[in-house]
Amino acid sequence: MLSDQQTATYLGSTPRLRDSRNDRGTVLLMFPAALLIMVILGAIAIDVGYTTVRGRELRAVAASAANDSLAALDIAVLRTTGNVVIDESAARGIVAQAIALGPLPDAQLVDIDINGFEIAVTLRLDIELVMAPALGNLKQVTLIRTERAIVLT
């Protein structure tokens with residue numbers, strides 16, 4: 001069995017005497033910085049997660065409103081001529097009612113695009129962020145989602 005001196009000589013280095021006084025407190029200095037980084041990353045994760053969930057909810061509301069707007073389809077014209085005729089003002093009213101009764105009543109109708117067999121509903125939602133205002137001047141994010149409903153004949 002080799003002694004520490006022989007091991008150090010064998011490895012090609014000289015043994016270093018450890019001065020424990022120089023190493024004391026280094027973890028204490030790094031801990032606040034590490035804690036600050038963890039808090040900032042946690043805050044970012046909370047806001048990104050919240051925004052993602054709200055975006056999915058907005059997409060679901062837009063899809064539901066687009067499907068509901070098909071109630072403005074003129075069935076009599078479709079049956080007799082085969083043409084798709086959708087009353088845009090009735091569709092707007094139906095979409096506005098679907099938004100008001102849905103889980104995101106703060107969502108705003110941006111546009112309804114009626115193009116042949118397709119209705120596209122675009123909604124907008126302003127989200128107040130939870131943690132970002134404490135870290136900077138970003139207070140809200142605007143989400144815009146578009147969903148389509150297609151009339152199959």
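Reader: Where does Ile 94 lie?

Author: Ile 94 sits in helix H5. Note that the model is a predicted one.

Reader: Why is Ile 94 called partly exposed?

Author: Its relative accessibility is 23%. Buried means under 20%, and exposed means over 50%. The value falls between these limits, so Ile 94 counts as partly exposed.

Reader: What does Ile 94 touch, leaving aside neighbours within four places in sequence?

Author: Asp 68, Ser 69, Ala 71 and Ala 72. Ala 66 is 28 residues from Ile 94 along the chain, and the two C-alpha atoms are separated by 9.2 Å.

Reader: Why is Ser 69 called buried?

Author: Its relative accessible area is 0%. The cut-off for buried is under 20%, so Ser 69 qualifies.

Reader: Where does Ser 69 lie, and between which helices?

Author: In the loop that joins helix H3 (26-68) to helix H4 (75-81). Leaving aside neighbours within four places in sequence, its contacts are Ala 91, Ile 94, Val 95 and Ile 119.

Reader: Which residues of H3 are buried?

Author: Ala 43, Asp 47, Thr 51, Gly 55, Leu 58, Val 61, Ala 62, Ala 65 and Ala 66. Their cover includes H5, S2, helix H6 (132-135) and S3.

Reader: Why would residues three or four places apart on an α-helix point the same way?

Author: An α-helix has 3.6 residues a turn, so such residues face the same way.

Reader: Which residues have the most contacts inside the largest nonpolar core?

Author: Leu 58, Ile 86, Val 121 and Leu 123, in a core of 25 residues. The elements that give two or more residues to this core are H3, helix H5 (88-101), strand S2 (118-128) and strand S3 (140-150). Ile 86 touches Ala 72, Leu 73, Ala 91, Ile 114 and Ile 119, not counting residues up to four places away in sequence.

Reader: What makes S2 and S3 a pair?

Author: 11 bridges join S2 to S3. Pairing needs at least two bridges, so these strands pair. They run antiparallel. Leu 125 has Leu 143 in S3 as its bridge partner.

Reader: What is the order of strands in the open sheet?

Author: S1-S2-S3, three strands with antiparallel pairing. What makes strand S1 (108-115) and S3 the edges is that each pairs on one side only. Neighbouring strands are turned by 15° against each other on average, direction ignored.

Reader: Which strands does H3 touch where it packs on the sheet?

Author: S2 and S3, with its direction at about 30° to that of S3. H5 packs on the sheet as well, touching S1 and S2, and its direction makes about 145° with that of S1.

Reader: How many helices and strands does the protein chain have?

Author: 6 helices and 3 strands. From the N terminus, they run α-α-α-α-α-β-β-α-β. Of the 153 residues, 24% are buried.

Methods. Residues are numbered from 1 along each chain as its sequence is written. This is a predicted model: local features need pLDDT of at least 70, side-chain atom pairs count only at pLDDT 80 or more; totals for chains, interfaces and linings use all residues. Side-chain values use heavy atoms; hydrogens and water are left out. Helices (H or I, at least four residues) and strands (E, at least two) are DSSP runs, numbered from the N terminus. Buried means under 20% relative accessible area, exposed over 50%, partly exposed in between (1.4 Å probe, protein chains only). Contact means heavy atoms within 4.5 Å. A nonpolar core is a set of buried Ala, Val, Leu, Ile, Met, Phe, Trp, Tyr and Cys residues joined through side-chain atoms within 4.5 Å. Axes are lines fitted to C-alpha atoms, for helices over the stretch in contact, and angles run from 0 to 180 degrees between N-to-C directions.
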